[in-house]
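Here is a briefing on one model, grouped by topic. Please read it alongside the sequence and coordinates.

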Amino acid sequence: MLNAVKQSWLTFRSIFTGMGVTIRHFFGPTVTLQYPDEKMELPKGARARLYVNIDDCIGCNLCARACPVNCIDIETVASTQDVDLGKTSTGNPKRFWLTRFDIDMAKCMYCDLCVHPCPTNCIYMVSEYEYSEYDRSNLVYHFSNLEPEMVAEVKDKAEKEAEQKKREREEMMRKKAEEKAQKELEAKKKAEEESNDKEKGEE
Ligand code: SF4
Ligand code: SF4
């Protein structure tokens, strides 16, 4: 009998203890966030996704070289003499067309190492973190704003200008070699004449 009373008391006590916890949380402040309708504010400096303000990029490649996992892929083409690409908002002159600027966010490990060496502060982390994809290739972000036709055009122009410069350099080298050979010939001739004059004088 005593045992049955004790068991009943323990049962009721555990029920009331459990109910007490439930009632306390029922009337307490809510901590559950109803994601995605509600979102937590990210802390300052959170690293979520990279962004490149391509208008301020000078194509120096420092970010790509700093990346430990090679997830930044940049291709540049030097601008030709007839084109002035202007300056960035930080005043740096732009000398390259950015024909490709891709970042593979599937490989990125959010280390931020690419951000710090950028001389124009145009690559940085933004707070966008909802960018999951079914296809991994969609995680390669393309920041170059050049159309394929424009890319082909600037490459073609740069190639022609490089060929022209090469021809001019070769022509200059040829002229220099000719001048040198001419000078050597004249010096030899002069030396022979002087030697002949000397021989005649001795006779
Ligand atoms: S955050 Fe790190 S891993 Fe990601 S692109 Fe920059 S350097 Fe590479
Ligand atoms: S370091 Fe900055 S300026 Fe240089 S290529 Fe990268 S994003 Fe462009």
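The shell around ligand 1 holds 13 nonpolar residues, no polar ones and 1 charged residue. Here Ala, Val, Leu, Ile, Met, Phe, Trp, Tyr, Cys and Pro count as nonpolar, Asp, Glu, Lys and Arg as charged, and the others, Gly among them, as polar. This is a predicted model: local features need pLDDT of at least 70, side-chain atom pairs count only at pLDDT 80 or more, and totals for chains, interfaces and linings use all residues. Residues are numbered from 1 along each chain as its sequence is written, while chains are lettered from A and ligands numbered from 1 in the order in which they are written.

**Ligand shells**

- Ligand 1 has 14 residues around it, and C67, C108, C111, L113 and C114 come nearest.
- A residue is near a molecule if its C-beta atom, placed from the backbone, lies within 6 Å of it.
- Ligand 2 is surrounded by 15 residues, with C57, C60, C63, C118 and I123 the closest.
- By class, the shell around ligand 2 has 12 nonpolar, 3 polar and no charged residues.

**Nonpolar core**

- The largest nonpolar core has 15 residues, of which V52, C57, I72, F101 and I123 touch the most other members.
- Strand 1 (49–52), strand 2 (72–78) and strand 3 (96–104) each supply at least two residues of this core.
- Strand 3 gives the most, with 4 residues.
- Such a core is a set of buried Ala, Val, Leu, Ile, Met, Phe, Trp, Tyr and Cys residues joined through C-beta atoms within 7 Å.
- Buried means that 20 or more other C-beta atoms lie within 10 Å of the residue's own, with C-beta atoms placed from the backbone.
- Beyond its neighbours within four places in sequence, I123 is in contact (C-beta atoms, placed from the backbone, within 7 Å) with L50, V52, C63, C114, V115 and C118.

**Strand pairing**

- Strands (E, at least two residues) and helices (H or I, at least four) are DSSP runs, numbered from the N terminus.
- Strands pair if DSSP finds at least two bridges between them.
- Strand 2 and strand 3 run antiparallel, joined by 7 bridges.
- E75 stands opposite R100 in strand 3.
- Strand 3 also pairs with strand 5 (residues 140–142), antiparallel, over 3 bridges.
- I103 stands opposite Y141 in strand 5.

**Helices**

- The expected span is 1.5 Å times one less than the number of residues.
- Helix 1 is hardly covered, with 0 buried residues.
- Helix 3 (residues 148–202) has 55 residues and reaches 81 Å from its first C-alpha to its last, close to the expected 81 Å.
- Helix 3 lies largely in the open, because the number buried among its 55 residues is 1.

How values were computed: A residue is buried if 20 or more other C-beta atoms lie within 10 Å of its own, exposed if 12 or fewer, and partly exposed in between; C-beta atoms are placed from the backbone. Two residues are in contact if their C-beta atoms, placed from the backbone, lie within 7 Å.
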